[in-house]
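Dear colleague,

I am handing over the structure we spoke about, and below it I have set out what was found there. Please look through the model first and then read the notes beside it.

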Amino acid sequence: MKFKNTLLMLGVFTIFTPSAQATQATSELFDAKCAMCHTKTMPTDMSKVVAPALMGVMRHIKMSYPNKDEAVKFMVDYILEPTKEKAICMPQKIERFGLMPSQKGNVSQDELTQITSWMFDNFPPENFRGMGQGNRYGKGQVSQ
Ligand code: HEC
C-alpha cells in the first residue's frame, strides 16, 4: 500500500513538474519535424517562406481554440489529415502556400500531442503583436 502511494506520488510529480529538459526535447522535435516549413522566428526573407511562421499559426489557433485541450486535439487531427474545410488559417494563406501536406508517417500521434502542447504553451511569444489587429489574447483586445 505504501509502495503504491509512493508510485502514485512519483507519477503525479512527473506529470506536474514542468521540466526544462522535456521542453528542450520537444523544441528539438519541432525543429526536426516541422521547422523546415514553420519557422520559430519571424522570417526575414519572405521569398523563402513556404508556410506560415509558428507564431502566426498559434495566434490563429488560439483565436479559434482558446482551450488548450481542444486546440491540441484539433491540431493533432489536422496535421495528420489536413483539409481545406477544417483549416482555421486564412484562406489566402492556403492559396499562397497550398494545403499543408499530411504529416502521417513523418510524426507519430504521441509526438504530435507533445509538440502541439508545447506550441500552445510557448507561442506566440509574450511580446508578439502580429501583423494585423489583435494579439495573443485574441482579436481586438489589448493586453495592458
Ligand atoms: C512541407 C511543409 C510543412 C511541414 C513539414 C509542416 N507544415 Fe504545418 N502547415 C504547412 C502549410 C503550407 C500550412 C498552411 C496551410 C494549411 O493550413 O493547411 C500549415 C499549417 C499548419 C497549421 C494550421 C492549420 C490550420 O488549421 O490552418 C498547424 C497547426 C501546423 N501547420 C502545424 C504543423 C506541425 C506541428 C508540423 C510538424 C509536425 C507541421 N505543421 C509540419 C506546411 C507544413
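**Ligand surroundings and salt bridges**

Please keep in mind throughout that this is a predicted model. I begin with the ligand, where an oxygen atom is placed 2.9 Å from a polar backbone atom of M100. M100 is also listed among the closest of the 25 residues that surround the ligand, together with C34, C37, H38 and Y78.

A polar backbone atom of I88 is 2.8 Å from an oxygen atom of the ligand, and for C89 a backbone N or O atom lies 3.1 Å from a ligand oxygen atom.

As for the site itself, the ligand sits in the largest pocket. The shell around the ligand is made up of 21 nonpolar residues, 3 polar residues and 1 charged residue. At least two residues of this shell are supplied by each of the helices α3 (54-64), α4 (68-80), α5 (91-97) and α6 (109-122), and it is α4 that gives the largest share, with 4 residues.

Turning to the charged side chains, a search of the whole structure finds 5 salt bridges, and I describe some of them here.

One of these joins K68 to D121, with the closest N and O atoms 3.1 Å apart. This pair links distant parts of the chain, since K68 belongs to helix α4 and D121 to helix α6, and the two residues are 53 residues apart. K68 counts as partly exposed because its relative accessibility is 30%, and D121, at 46% relative accessibility, is likewise classed as partly exposed.

Another salt bridge is formed between K40 and D31, where the closest N and O atoms are 2.9 Å apart. With a relative accessible area of 25%, K40 is partly exposed, and D31 is also partly exposed, with a relative accessible area of 36%.

In the salt bridge between K48 and D45, the closest N and O atoms are again separated by 2.9 Å. Are its two partners buried or exposed? K48 has a relative accessible area of 63% and is therefore exposed, the cut-off for that class being over 50%, whereas D45, at 33% relative accessibility, counts as partly exposed.

With best wishes

Key. Residues numbered from 1 in each chain as written. Predicted model: local features only at pLDDT ≥ 70, side-chain atom pairs only at ≥ 80, totals over all residues. Heavy atoms only, no water. Near = heavy atom within 4 Å. Polar contact = N/O pair within 3.5 Å; in protein donor to acceptor, adjacent residues only side chain to side chain. 1 Å grid on protein atoms, 1.4 Å probe; cavity = no way out; pocket = protein on both sides within 12 Å on 5 of 7 lines; lining within 4 Å. Sits in = over half its atoms within 2 Å of the grid points. Nonpolar A, V, L, I, M, F, W, Y, C, P; charged D, E, K, R; others polar. Salt bridge = Lys/Arg side-chain N within 4 Å of Asp/Glu carboxyl O. Buried < 20%, exposed > 50% of the residue type's maximum accessible area, 1.4 Å probe, protein only.
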